[in-house]
Amino acid sequence: MPQNLVEKIAQRYAAGLDSGHIVRAGDFLSIRPAHVLTHDNTGAVMPKFKEIGAAAFANPDQVVYALDHNVQDTSEANRAKYARIEAFAKEQGSHFHPAGRGIGHQIMVEEGFAWPGTMVVASDSHSNMYGGVAALGTPIVRTDAAAIWATGRTWWQVPPVARVTLTGKLRTGVTGKDVILTLCSVYGQDEVLNHAIEFTGPGVADLNIEQRMTIANMTTEWGALAGVFPVDEVLLQWLEQRLAFVGSSHPRITRARIDELKHDTVRADDDAVYAVDVTLDLASVSPWLSGPHNLKKARPVAEAAAEGMKIHKAYLLSCVNGRAGDLEQAAAVLRDNCVHEGVELYVSPASSQVQEQCEASGAWQVLVDSGAKILPPGCGPCIGLGVGLLEPGEVGISATNRNFKGRMGSPEAEAYLASPAVVAASAVAGRVALPEGAAGVVKPVSSIVIHPAGNEQGSEVSLLAGFPQVLEGELLLCDVDNLNTDGIYAGKWTYKDDMGPEDQASVAMENYDPDFRSIARKGDLLVGGFNFGTGSSREQAATALKYFGIALVLAGSFSETYKRNALNNGFLPLECPELVRDLRERFREKTLSRRTGIQVRLDFRRARLETADTAYKLAPVGAAAQELVLAGGLENWVKQELARG
């Protein structure tokens with residue numbers, strides 16, 4: 001049975017698969033990732049680890065820490081927090097990188113933790129970046145990190161996979177950042193939401209590894225859970241260069257691993273199945289500007305430059321564009337120029353190694369001489385921490401990956417995203433500007449095909465002892481897309497720590513529909529719309545429905561964070577877009593909460609949902625998800641695993 005690249009890597013890192021099971025999109029897997037990264041949030045994971053009764057890591061070598069988010073905070077409280085994390089890392093014998101070493105994602109690549117063909121996770125949304133070096137990088141939540149520390153494992157549902165075929169070559173002055181900003185804006189209607197992306201095609205060879213990391217990093221902003229490039233000659237040559245840089249004594253970047261990779265390269269099968277196919281001609285990409293407040297709102301830089309848009313601050317930093325090539329690109333623009341009077345340019349390397357490389361090339365001194373304000377390696381203004389934040393009424397142009405309202409400072413400021421060279425040119429001009437010689441405007445040449453989901457039935461699902469074969473109940477329809485977690489569980493209750501199960505149940509859905517609790521009944525199967533549970537990461541948006549007595553939630557699609565929180569609390573979320581569309585056709589008169597009168601039979605063994613006249617195919621609820629439901633959630637599952645020894 002053919003597999004795509006994501007399915008093949010997931011197969012390698014799945015634990016406890018039945019003999020002969022071929023991993024497919026939709027499968028719930030128990031995974032044992034090669035490595036797991038936490039950063040400053042390690043301080044929040046540590047108590048979770050202790051609460052589940054764990055004392056030692058299952059595999060200390062699997063665990064990586066990097067202090068990178070709040071590195072400019074030298075307060076006593078933050079220094080004490082960092083000291084606790086460092087002491088804990090030494091106690092457990094895991095990999096620790098102190099403040100000043102760099103951004104965790106950059107370190108994961110530089111130090112060979114993110115290795116081609118491996119699966120690597122992080123408690124941070126930009127772990128997608130590891131796909132730039134052909135690793136399957138994907139985000140997890142903090143409870144997952146604690147579970148991996150304790151058992152080496154957590155769970156993952158293999159997402160649908162979209163293939164992006166790149167053709168042509170980039171024109172002068174066009175970068176990887178422009179490629180991903182183009183994709184985010186041209187296909188900005190959730191076409192790849194919660195998918196994994198595989199990049200392929202002849203155009204891939206025209207992209208260097210730094211450009212690939214930039215693109216993979218911002219598949220997060222495109223709505224994807226991963227973005228993976230293939231192993232090719234460009235990557236192998238880059239690994240050879242890394243080996244020469246780090247020397248023969250490095251524990252992970254070694255001659256043996258590179259040679260093994262050459263002879264055992266995991267690749268997608270030629271007849272692999274994809275949910276979406278996108279094509280993009282790289283020669284049709286222009287320097288791009290995104291914003292304000294929304295990176296999917298974008299246009300060519302040349303258009304904004306013609307309007308003379310004034311800027312006040314410029315930023316060359318972050319895990320997406322703070323690498324040596326990025327800073328050297330900016331230095332080429334800034335050489336023999338100065339930052340415009342009235343503009344502040346902030347520069348931070350993605351890591352200490354990046355700074356060393358730029359010092360050796362001379363690019364660093366150019367940046368300093370231009371009048372740039374230097375910040376330590378780390379996140380900083382990208383996430384609204386430290387100095388240099390946007391003030392009310394200011395306009396900033398940034399080589400970062402997010403420009404949400406208020407993220408980089410005042411909500412009354414505007415932030416635009418662009419490539420490092422455009423940021424540098426704008427800092428010199430005092431307004432949005434194109435670098436000299438950069439390519440002009442060309443309309444993107446692209447296409448998209450969304451393939452319908454197959455209706456074929458696979459083999460029966462093996463069920464664990466105690467897991468029901470059949471669940472029956474009435475469908476309760478809450479027909480709205482993008483139902484956010486505040487609608488499900490109001491923010492005013494989120495930080496009331498004394499809200500027990502009955503209390504949570506008593507306020508479930510009150511912001512969405514005050515009448516919900518008088519309409520819904522225990523045992524109902526709640527049917528939501530698309531992107532159910534978007535918004536904040538509060539776990540109570542899952543537990544409130546569970547405690548109310550809702551048997552499970554069916555939706556067209558889920559926020560991935562909601563899905564993880566639901567399963568981590570033993571509450572089953574299942575996607576069935578065809579059911580949602582059929583119910584919308586049947587019940588055209590909108591109501592917030594509707595008893596449908598439709599009794600259904602959910603057959604877990606056959607992965608089917610049956611009504612009186614229709615059968616719907618569901619993703620199989622695999623052993624990993626069954627274990628979580630039976631245990632009552634991830635923390636209980638970990639405790640059971642530890643008790644088994």
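Contact means heavy atoms within 4.5 Å. This is a predicted model, in which local features need pLDDT of at least 70, side-chain atom pairs count only at pLDDT 80 or more, and totals for chains, interfaces and linings use all residues. Residues are numbered from 1 along each chain as its sequence is written, and side-chain values use heavy atoms, with hydrogens and water left out.

**Figure 1. The whole protein chain.** Among contacts between residues at least 6 apart in sequence, 76% join residues at least 24 apart. The chain holds 24 helices and 27 strands. Helices (H or I, at least four residues) and strands (E, at least two) are DSSP runs, numbered from the N terminus. The radius of gyration, taken over C-alpha atoms, is 25 Å, close to the 26 Å that the globule rule (2.2 Å times the number of residues to the power 0.38) gives for 645 residues, so the chain is as compact as a globular protein of that length. Along its principal axes, the C-alpha trace spans about 75 × 55 × 55 Å. Of the 645 residues, 59% are buried. Buried means under 20% relative accessible area, exposed over 50%, and partly exposed in between (1.4 Å probe, protein chains only).

**Figure 2. Histidine 35 in strand S3.** Strand S3 covers residues 35-38 and includes histidine 35. Histidine 35 has a relative accessible area of 9%, so it is buried. Neighbours within four places in sequence are set aside here. Histidine 35 then contacts Asp61, Gln62, Val64, Met108, Phe113, Met119, Val120 and Val121.

**Figure 3. Helix H2 and its packing partners.** Helix H2 spans residues 42-51. Its buried residues are Thr42, Val45, Met46, Lys48 and Phe49. They pack against two strands, S3 and S4 (63-66). They also pack against helices H3 (76-92), H5 (142-151) and H24 (634-644). Just after H2, glycine 53 takes a positive phi of about 85°.

**Figure 4. Helices H6 and H7 side by side.** H6 (residues 176-186) and H7 (residues 209-217) pack at an angle of about 25°, with axes 8 Å apart. Axes are lines fitted to C-alpha atoms, for helices over the stretch in contact, and angles run from 0 to 180 degrees between N-to-C directions. H6 is therefore roughly parallel to H7 (angles under 35 degrees). From H6, the contact uses Gly176, Lys177, Val179 and Ile180. From H7, it uses Gln211, Thr214 and Ile215.

Note on methods
Parallel < 35°, antiparallel > 145°, perpendicular 65-115°, else oblique.
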